[in-house]
Amino acid sequence: MAASIKTVDGARHTRILGMGSYRPSRVVPNSELVDAIQSSDEWIRTRSGIIERRFSEDHETVQMMSVESSRKALAHAEIDPAQLDCVVVATVSHLMQTPAVATLISDELGSTPAAAFDISAACAGFCHGVGLASDMVRSGSAKYVLAIGVERLSEITDPTDRGTAFIFADGAGAAVIGPSEVEGIGPVVWGADGSKYDYIRQKQSWSDVLKMEKALMPHLRMDGNPVFRWASFEMAKIASEALDRAGITVDDLDVFVPHQANMRIIDAMARTLKLPERVVIARDVAYQGNTSAASVPLAADALLRSGEAKSGDIALFVAFGAGLSYAAQVVTLP
Ligand code: COA
């Protein structure tokens with residue numbers, strides 16, 4: 001008779017044990033970008049809500065920003081790096097095809113031989129990472145998981161492209177996920193619509209770049225308006241579903257942390273969801289721009305550090321971006 005394979009039990013409940021973030025030092029106001037795109041501070045503020053953003057300096061690499069934000073998250077969680085079983089890094093701007101930057105980050109943190117890999121789900125990447133991490137802890141394949149969202153989009157954004165130059169920015173955010181006595185992470189609601197693959201993407205493939213007479217960085221390009229309409233209508237539905245699946249309503253919610261893409265999308269979602277006045281809404285996009293995978297953890301961590309949100313608050317995360325892909329979940333803030 002064939003041997004039977006043992007089943008491993010994981011934790012019954014999971015939660016975010018600690019969070020941390022890293023904002024690059026260089027503050028870039030709209031005025032610095034407008035000439036190259038024939039725009040104005042007023043147009044950018046009115047259409048996107050962005051006042052300024054952060055661009056990284058040379059030493060603020062994807063690895064460096066990840067390690068800085070992770071150290072804060074680990075200290076907040078009171079977890080030693082050696083206790084981590086897995087490091088998941090959501091990013092689209094680590095400009096090395098392989099190996100995964102997660103292996104370098106894990107090693108620098110002192111978490112080797114934890115499993116370490118990158119995931120590519122663009123702006124929805126961090127919420128995918130939290131969902132995966134929670135499921136790993138629940139299934140018994142890991143006890144403590146570090147989920148990072150990090151981007152250095154300034155490097156892959158064309159400063160002369162009117163549709164993206166004022167939007168994208170840099171930063172990192174991290175969360176430590178582990179077992180809990182009570183439920184702290186609701187079911188993830190996620191998905192993708194590859195029929196809209198072209199809406200936000202790298203302009204040329206790496207092989208096309210090699211065929212160019214003079215190789216140029218394949219920058220990001222975006223059809224902003226269709227993305228805007230899709231996000232404003234469809235993402236409130238995904239957020240609602242995440243509330244339903246967690247068994248709560250907007251009346252139980254303390255904090256709303258949507259992807260920081262555009263203030264008008266944030267306002268539209270808040271209106272559609274009929275969020276009560278007292279719900280704190282993350283509006284980090286004004287000072288941080290759109291940092292893709294880093295936007296939700298940066299915004300959540302900012303609310304925790306400023307005291308606008310507190311430990312134990314129930315928060316709704318929802319993120320969306322290239323793919324088009326999306327993910328949402330309800331969490332208890334650490
Ligand atoms: N500065 C000044 N004018 C600009 C401009 C700029 N940077 N970019 C476009 N315009 C002009 C257009 O030419 C157009 O002019 P027209 O009316 O004379 O034809 C007008 O502004 C409106 O352009 P449009 O593209 O329809 O603007 P918009 O209201 O959709 O706002 C974005 C543009 C990019 C701010 C918005 O579409 C957006 O935020 N999209 C979603 C981004 C997002 O959520 N991404 C998530 C995944 S990363």
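Ala 122 is found in the loop between β5 (115-119) and α4 (125-139), helices (H or I, at least four residues) and strands (E, at least two) being DSSP runs numbered from the N terminus. Although Ala 122 is not a glycine, its phi is positive, at about 45°. The model is predicted, so that local features need pLDDT of at least 70 and side-chain atom pairs count only at pLDDT 80 or more, while totals for chains, interfaces and linings use all residues. Residues are numbered from 1 along each chain as its sequence is written, and side-chain values use heavy atoms, with hydrogens and water left out.

Two cis peptide bonds are described here. One runs from Thr 98 to Pro 99, with omega near 0°; Pro 99 is placed in the loop between β4 (86-90) and α3 (101-109). Another joins Gly 323 to Leu 324, with omega near -15°, and Leu 324 belongs to the loop between β13 and β14 (325-332).

The ligand has 22 residues around it, of which Ser 39, Arg 47, Gly 224, Asn 225 and Asn 262 come nearest; a residue is near a molecule if one of its heavy atoms lies within 4 Å of it. This shell divides into 13 nonpolar, six polar and three charged residues (Ala, Val, Leu, Ile, Met, Phe, Trp, Tyr, Cys and Pro count as nonpolar, Asp, Glu, Lys and Arg as charged, and the others, Gly among them, as polar). At least two shell residues come from each of α1 (41-48), α6 (224-246), α7 (263-273) and β13 (314-321), and α6 gives the most, with four. Domain 1 (13-180) and domain 2 (189-332) each contribute at least three residues to the shell, the bounds being from an automatic or database domain assignment.

Polar contacts are pairs of N or O atoms within 3.5 Å. A polar side-chain atom of Asn 262 is 2.7 Å from an oxygen atom of the ligand, and one of Arg 264 is 3.5 Å from a ligand oxygen atom. From Arg 162, a polar backbone atom lies 3.0 Å from a nitrogen atom of the ligand. Taken alone, the ligand exposes 970 Å², and the protein buries 72% of that (accessible areas by the Shrake-Rupley method with a 1.4 Å probe).

Definitions and conventions. Polar contact = N/O pair within 3.5 Å; in protein donor to acceptor, adjacent residues only side chain to side chain.
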